[in-house]
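Thanks for coming, everyone. Please look at the screen while I bring up the sequence and the model.

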Amino acid sequence: MNTPLPALFLMGPTASGKTALAVALAQALDGEVISVDSALVYRGMDIGTAKPTRAEMAGVPHHLIDVIDPTDAYSAAQFHADAMAAIADIASRGRLPILAGGTMLYFKALEEGLSDLPQADPALRARLDAEAAERGWPALHQRLAEVDPVTAARLAPADSQRIQRALEIWELSGQPMSELIARGREGAPTLNLLKLALQPAERAWLHARIALRFEKMLDAGLLDELVALRQRWPSLSLDLPSMRCVGYRQAWEYLDGRIDRQTLIDTGVAATRQLAKRQLTWLRGMENLVAIDCQQAELVTPALAAARAWRERACPGC
């Protein structure tokens, strides 16, 4: 692509109001929404991922939702390829691609391209899983801190999927993932970006919304949804990336009788708060953001003002 394609990023922590704002922006700007969420790609995982309903999407085309089964894997490389294809298709029809979600690694891949990292090694991953089962993921996180302190510093000690990947890259390449990423990425950026970031003025406000939303998910049938998923896909297990999504692991443990309902609520809310904390940390490290206080009663007006100013300045005729 010789001419950068226009694209609007709508980022923010979980429960900050991205879904409704994305639809409103798409309606006002003649846009289509591309989901930037590693959980929304899974079919059948609707309640626990806060997947937008048909009513919420309100006739606005949405992309990269319900693309794989929960027993399948979906990499950042696959997302990058799918999202860039969707962006090109939307732009070719004279519409604005609006990329909304909370998977910050995906946003980073779109803006900066993909690093030349080694492919996954199933045998090595199985060995790391076995070691984690014996020693715990915090112990593996400590090992990662010794060989790749930059990556370890941004990961929680229980972030099994990312700790595993970082150690896998170290063992396969002999080099820290952080250095490989910094060294260079495949393909130059091809997007003319506006980056909107929903950020709360007070962390307590977001925590209250997270707690309320998790309770609503349980009331809406999260446990029944997981029962149906386990029946439909008998090979589903806690080792799969889909079941590492916040809420599902805790619901799984409850269904198996390992925890009671109050512990389910407490651990589910705590895990969601940790996710939001990581998302906000990512945002603080990103440049050229237009920050919007998501505690405001009305988000559409400031977001539209920023989008229209960006079009006039950087994308005339878009």
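Is Lys195 buried or exposed? Take a moment to find it. This is a predicted model, so every value I give is computed from it.

Lys195 is buried, because its relative accessibility is 6% and the cut-off for buried is under 20%. Now place it in the fold. Lys195 belongs to strand β7, which covers residues 191-199. What does its side chain meet? The side chain of Lys195 makes a polar contact with the side chain of Glu111, at 2.9 Å. Leave out residues up to four places away in sequence, and Lys195 still touches a list of partners. Glu111 is on that list, and so are Phe9 and Met11. The list also holds Glu287, Asn288, Leu289 and Val290.

Let's step back to the whole protein. There are 14 helices and 8 strands. The radius of gyration is 20 Å, close to the 20 Å that the globule rule gives for 318 residues, so the protein is as compact as a globular protein of that length. Along the principal axes, the C-alpha trace spans about 60 × 45 × 40 Å.

How much of the protein is buried? Of the 318 residues, 47% count as buried. The accessible surface comes to about 15000 Å². Carbon and sulfur atoms hold 51% of that surface.

Next, contacts along the chain. Consider contacts between residues at least 6 apart in sequence. Of these, 76% join residues at least 24 apart.

Then the charges. The protein carries 34 positive and 38 negative side chains. The centres of the two sets lie 3 Å apart.

Back to single residues. Which helix holds His141? It is α6, residues 137-147. His141 is buried, because its relative accessible area is 13%, and under 20% counts as buried. Its side chain reaches the backbone oxygen of Ala152 at 3.0 Å. Ala152 is also among the residues that His141 touches, once residues up to four places away in sequence are set aside.

Now for some loops. Gly174 is in the loop between α8 (160-173) and α9 (177-183). Gly174 is partly exposed, with a relative accessible area of 44%. Where does Gly174 stand relative to Val147? The two are 27 residues apart in sequence. In space, they are 9.4 Å apart, C-alpha to C-alpha.

Asp30 has a phi near 55°, a positive value in a residue other than glycine. Find Asp30 in the loop between α1 (18-29) and β2 (31-35). Is Asp30 buried or partly exposed? Asp30 is partly exposed, because its relative accessible area is 40%, and that class runs between 20% and 50%.

The other one is Ala58. Its phi is positive too, about 50°, although Ala58 is not a glycine. Ala58 is found in the loop between α2 (54-57) and β3 (62-63). With 41% relative accessibility, Ala58 counts as partly exposed.

Lys195 is buried, and its side chain contacts that of Glu111. His141 is buried, and its side chain reaches the backbone oxygen of Ala152. Asp30 is partly exposed and has a positive phi.

Notes: Residues are numbered from 1 along each chain as its sequence is written. This is a predicted model: local features need pLDDT of at least 70, side-chain atom pairs count only at pLDDT 80 or more; totals for chains, interfaces and linings use all residues. Side-chain values use heavy atoms; hydrogens and water are left out. Helices (H or I, at least four residues) and strands (E, at least two) are DSSP runs, numbered from the N terminus. Buried means under 20% relative accessible area, exposed over 50%, partly exposed in between (1.4 Å probe, protein chains only). The radius of gyration is taken over C-alpha atoms; the globule rule is 2.2 Å times the number of residues to the power 0.38. Contact means heavy atoms within 4.5 Å. Accessible areas come from the Shrake-Rupley method with a 1.4 Å probe; for residues, only the protein chains shown count as cover. Lys and Arg count as positive and Asp and Glu as negative; His and the chain ends are not counted. The place of a charge is taken as NZ of Lys, CZ of Arg, CG of Asp or CD of Glu. A polar contact is a pair of N or O atoms within 3.5 Å; within protein, one must be able to donate a hydrogen and the other to accept it, and residues adjacent in sequence count only if both atoms are side-chain atoms.
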